[in-house]
Amino acid sequence: MMERVTIRLPTQQVAMLEKLVEAGEFPTVSEAVRYSVRELIGKHANRVIRDSEQISFEM
């Protein structure tokens, strides 16, 4: 299931997302944003989870 998340982006970022779609890198702007979120989560998730578990043990 997917949920809708509304975000505001600078005009330049939206224009670049649209250019990526026009260039065939992504089928839609939404897919480009989903890809970016997956990359961000993949890069930072382990550290965030580890840090949050340490906070739980300290309480």
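Q: How many helices and strands make up the secondary structure of the chain?
A: Two helices and zero strands. Helices (H or I, at least four residues) and strands (E, at least two) are DSSP runs, numbered from the N terminus. This is a predicted model, where local features need pLDDT of at least 70, side-chain atom pairs count only at pLDDT 80 or more, and totals for chains, interfaces and linings use all residues. Residues are numbered from 1 along each chain as its sequence is written, and side-chain values use heavy atoms, with hydrogens and water left out.

Q: How do you know that the span of helix 1 agrees with its 12 residues?
A: The expected span is 1.5 Å times one less than the number of residues. For helix 1 that gives 16 Å, and its end C-alpha atoms are 16 Å apart, so the two agree.

Q: Which residue with a positive phi follows helix 1?
A: Gly24 does, with phi near 85°.

Q: What makes Tyr35 partly exposed?
A: Its relative accessibility is 37%, so Tyr35 falls in the class in between.

Q: Why is the pair of Phe26 and Tyr35 called tilted?
A: Rings of Phe, Tyr and Trp (its six-membered ring) pair if their centres lie within 6.5 Å; planes under 30 degrees apart count as stacked, over 60 as edge-to-face and the rest as tilted. The structure holds one aromatic pair. Phe26 and Tyr35 form it, at 5.4 Å centre to centre with 50° between the planes, so the pair is tilted.

Q: Why does Val21 count as partly exposed?
A: Val21 has 23% relative accessibility, so it counts as partly exposed. Val21 lies in helix 1. Val21 and Glu31 are 10 residues apart in sequence and 9.1 Å apart in space, C-alpha to C-alpha.

Q: What makes Thr28 partly exposed?
A: Its relative accessible area is 35%, so Thr28 is partly exposed. Thr28 lies in the loop between helix 1 and helix 2. Thr28 and Leu17 are 11 residues apart in sequence and 8.7 Å apart in space, C-alpha to C-alpha.

Q: Which helix gives the most to the lining of the largest pocket?
A: Helix 2, with five residues. Helix 1 (11-22) and helix 2 (29-58) each supply at least two residues of that lining.

Q: What classes of residue does the lining of the largest pocket have?
A: Nine nonpolar, one polar and three charged. Ala, Val, Leu, Ile, Met, Phe, Trp, Tyr, Cys and Pro count as nonpolar, Asp, Glu, Lys and Arg as charged, and the others, Gly among them, as polar.

Note on methods. Buried means under 20% relative accessible area, exposed over 50%, partly exposed in between (1.4 Å probe, protein chains only).
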